[in-house]
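Subject: Structure handover

Hello,

Here is the structure you asked about. Please open it beside this message and follow the notes below.

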Amino acid sequence: MTVPLRAALYLRVSTARQAEHDVSIPDQKRQGEAYCASRGYQLVDTFVEAGASATNDRRPEFQRMIEAGTSKPAPFDIVVVHSFSRFFRDHFELEFYVRKLAKNGVKLLSITQEMGDDPMHVMMRQIMALFDEYQSKENAKHVLRAMNENARQGFWNGALPPIGYRIVAAEQRGSKIKKKLEIDPLHADTVRLIYRLFLIGDGTKGAMGVKAITNYLNERRLYTRDGGRWGLAQIHAILTRTTYIGEHRFNTRSHKNREKKPENEVSIMAVPPLIEREMFDAVQARLKSRNPMVMPARVSSGPTLLTGICFCAKCGGAMTLRTGKGSAGGMYRYYTCSTKARQGKTGCEGRSIPMDKLDHLVANHLEERLLQPERLESILSNLLDRRQERTERRREHLAELHRRITETDQRLNRLYDAIESGVAALDDAGLKERIANLKAIRDQAMADAERTQATLDGSGGNEVTPAMIDRLSAAARSKLRLEGGGYRREHLRAFAQCIEVADKEIRIMGSKSELLQSLVAASSVESAANGVRSSVLKWRTRHDSNV
């Protein structure tokens, strides 16, 4: 008796709107179930990705499916998709994950694009993936162009408007209702008050800073639009947003990597102004004069070990240094919640811990637990595997680029042979264009190959293997302590980027990649300061955390 193949369905739609209106998922599921039934496959699992782009692998269900498909033993033998574009719209990533599944004996099948395993069908799948990638980029380009034009005409493209404005229907074009922004009288006065407090004050004292404005609004129960408390970032965003002088900026950052776009790509949408331009310009000048990015934050050069990375677990506020007198008349130092200091007990009940005690607990835990070879190997094993995986992917990509260069050169040589033999005319406009296109493809592939090779060459010397962990951990522990028994502040902050203090526990968190870089730096024979950053102006918490 033949055992039926076990199948898993992967269903995906591109937008949340499609998922909400039930456009594509049910149809994909129906076709997938019928496909499995007609071929005698046993359907064992279904992965549904509602509203996720296929241009990258940042998809929860996709990652769950890949994790299951690469585990041993795999819970299914084949992955069924409606079309290869449902799986990926990037030809390189498609081939990478197809091969990754194939190494574990799992095949990818398309309902509408059935392919075999022979070289010709593999080539056809790659060509279709290239067309899918091209179509995805073209669609994104046209959608963005339409949205830019929509903004330039003064219409709102969606999302939550800035506080002080509300969305209203402006006109109807066919079945589509175009929308604009108008001033929201309920919150417009709050925005004007923030600007006035920053420049003039409330009449009882002078101009206020961002933190003072935040406290002022929270103490007087002037809450945000959704009824929450104000934060420093919200106040700063209001003070720097050009929307309030009638110029809403659209398309300022790349959707893929959030990098700033050049000014010639930004669209200006006209809206009713809330603030006079003179007041806005005065606010920007004052903010610029007080910009903390001009120099490192003061806490980075202070003597306190954990200031700047220590936070209250209850409210998330920073734990800052406080001093006081003991019963015997001596001075003592302790970390305490800054939210309570700013907002009183309404903000947070507050917590405090002696400075020496917390410093010792954190540093001792790093020495005795984190920086031990067994623990480091356990934490970094996945990271080392991913580094090796990325290296293999780059090598495969480099090989593909070299194949493309060779094939393009061969095609150019055939064209040159045809010209020399008289089969093709040199003055043929179509032939000239074809030669120019082939040269452009070859030159681009050569440039990509040089960059990829440079990346591989640059990462070769920094490879860390499990066999090196013992030496790295010993060097890191020795460089953490000072000769007098204290601790090197820069090294401690490299190993732990966030400390949360709760009632019954202390949570130490940090980035695995930062840990790996710091270990390599600590093992260097050069000065410890060469490898460890002493001031980090931009950082992200709770990524690859180690509790």
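In β4, the bridge partner of V81 is S110. The model is predicted: local features need pLDDT of at least 70 and side-chain atom pairs pLDDT 80 or more, while totals for chains, interfaces and linings use all residues. Residues are numbered from 1 along each chain as its sequence is written, and side-chain values use heavy atoms, with hydrogens and water left out.

Helices (H or I, at least four residues) and strands (E, at least two) are DSSP runs, numbered from the N terminus. Two strands pair if DSSP finds at least two bridges between them. β3 (residues 78-81) and β4 (residues 107-110) pair in the parallel sense, with 4 bridges. Strand β1 (residues 6-12) also pairs with β3 in the parallel sense, over 3 bridges. There, A7 has I78 of β3 as its bridge partner.

Which way do the residues of β3 point? I78 and V80 point one way, V79 and V81 point the other way, and all are buried (under 20% relative accessible area; exposed is over 50% and partly exposed is in between, with a 1.4 Å probe and protein chains only). In a regular strand the side chains alternate between the two faces of the sheet.

**Helix α8 and its neighbours**

Helix α8 (residues 210-219) is mostly covered, with 7 of its 10 residues buried. These are V210, I213, T214, N215, Y216, L217 and N218. The cover over them includes α7, α9 and α11 (338-343). After α8 comes R221, which has a positive phi near 55°.

Two packed helices are described by the angle between their axes and the distance between the axes. Axes are lines fitted to C-alpha atoms, for helices over the stretch in contact, and angles run from 0 to 180 degrees between N-to-C directions. The axes of α8 and α9 (residues 232-240) come within 9 Å and cross at roughly 110°. That makes α8 roughly perpendicular to α9 (65 to 115 degrees; under 35 is roughly parallel, over 145 roughly antiparallel and the rest oblique). Their crossing is right-handed (the near helix is turned clockwise from the far one by less than a right angle; anticlockwise is left-handed).

The contact (heavy atoms within 4.5 Å) is made by V210, K211, I213, T214 and L217 of α8 and by L232, I235, H236 and L239 of α9. By class, this contact has 6 nonpolar, 2 polar and 1 charged residues. Ala, Val, Leu, Ile, Met, Phe, Trp, Tyr, Cys and Pro count as nonpolar, Asp, Glu, Lys and Arg as charged, and the others, Gly among them, as polar.

**Helices α7 and α10**

The axes of α7 (residues 185-199) and α10 (residues 277-289) come within 10 Å and cross at roughly 50°. The two helices are therefore oblique to each other, and α7 passes α10 in a left-handed crossing. Y195, F198 and L199 of α7 meet M279, F280, A282, V283, R286 and L287 of α10. This contact has 8 nonpolar, no polar and 1 charged residues.

**The sheet β10-β11-β12**

Here 3 strands form an open sheet in the order β10-β11-β12, with antiparallel pairing. The edge strands, each pairing on one side only, are β10 (319-325) and β12 (352-354). The twist averages 35° from one strand to the next. Strand β11 (residues 331-337) is joined to β12 by 3 bridges, and Y335 stands opposite I353 in β12. Helix α12 (residues 355-370) lies across β10, β11 and β12, running at about 80° to β12.

Regards
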